[in-house]
Amino acid sequence: MSEDNSTIDCKEHGTCEASIVCRHLVNNNGAPLGFIENSSVPGDLQGWCYACEHLYLEEQSKTEKFKEFTNFAVVCSECYQKIKSHHDINT
């Protein structure tokens, strides 16, 4: 990531805005896992799968248990959109 933590140097897309997704979404190119977008702020791209959403609702917060389970990864905004398209069951 860059010094200001808002951009990332992606091997595939070059310098792009940084985004955050759970590792389940990053590590799975098979069956869609569902996609929950977690931020209503434009440009603040955050997403996780249905399993992470289930745990979040159980925990009612981003607890340590939740953070360990999601194991968030930083990806570029282009990769984020690709991951979202693959896993979003509602589209």
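Which residues is Val-21 in contact with, leaving aside its neighbours within four places in sequence? The close-up of the core below takes this up, after a word on the model and an overview. This is a predicted model, in which local features need pLDDT of at least 70 and side-chain atom pairs count only at pLDDT 80 or more, while totals for chains, interfaces and linings use all residues. Residues are numbered from 1 along each chain as its sequence is written, and side-chain values use heavy atoms, with hydrogens and water left out.

**Figure 1. The whole chain, for orientation.** The chain holds four helices and five strands, arranged along the sequence as β-β-α-β-β-α-α-β-α. Helices (H or I, at least four residues) and strands (E, at least two) are DSSP runs, numbered from the N terminus. The C-alpha trace spans about 35 × 30 × 25 Å along its principal axes. A compact globule of 91 residues would have a radius of gyration near 12 Å, and the 13 Å of this chain agrees with that; the radius is taken over C-alpha atoms, and the globule rule is 2.2 Å times the number of residues to the power 0.38. Of the 91 residues, 35% are buried, where buried means under 20% relative accessible area, exposed over 50%, and partly exposed in between (1.4 Å probe, protein chains only).

**Figure 2. The core around Val-21.** Here is the view for our opening question: Val-21 is in contact with Val-26, Phe-35, Gly-47, Phe-72, Ala-73, Val-75, Tyr-80 and Ile-83, leaving aside its neighbours within four places in sequence. Contact means heavy atoms within 4.5 Å. The largest nonpolar core has 19 residues, and among these Val-21 and Leu-25 touch the most other members. Strand S1 (7-10), strand S2 (14-21), helix H2 (50-59), strand S5 (73-76) and helix H4 (77-87) are the elements that give two or more residues to this core. Such a core is a set of buried Ala, Val, Leu, Ile, Met, Phe, Trp, Tyr and Cys residues joined through side-chain atoms within 4.5 Å.

**Figure 3. Phe-35, a buried loop residue.** Phe-35 sits in the loop between H1 and S3, and its 6% relative accessibility makes it count as buried. Not counting residues up to four places away in sequence, Phe-35 touches Val-21, Leu-25, Gly-47, Trp-48, Tyr-50, Tyr-80, Ile-83, Lys-84, His-87 and Asp-88.

Figure 4. Ala-31 belongs to the loop between helix H1 (23-26) and S3, and a relative accessible area of 54% makes Ala-31 exposed. From Ala-31 to Ile-89, 58 residues apart along the chain, the C-alpha separation is 10.0 Å. Gly-43 belongs to the loop between strand S3 (36-37) and strand S4 (46-48), and at 58% relative accessibility Gly-43 counts as exposed. Gly-43 and Lys-82 are 39 residues apart in sequence, and their C-alpha atoms are 16 Å apart.

Figure 5. Most residues other than glycine have a negative phi. Gln-60, although not a glycine, has a positive phi of about 65°. You will find Gln-60 in the loop between H2 and helix H3 (64-70), where it counts as exposed at 68% relative accessibility. Asn-71, also a residue other than glycine, has a positive phi near 45°. Asn-71 lies in the loop between H3 and S5 and is partly exposed, with a relative accessible area of 42%.

**Figure 6. Ser-6, ahead of the strand S1.** Look for Ser-6 in the segment before S1; Ser-6 counts as partly exposed at 29% relative accessibility. Once neighbours within four places in sequence are set aside, Ser-6 is in contact with Cys-16, Glu-17 and Ala-18. Ser-6 and Ser-19, 13 residues apart along the chain, have their C-alpha atoms separated by 8.3 Å.
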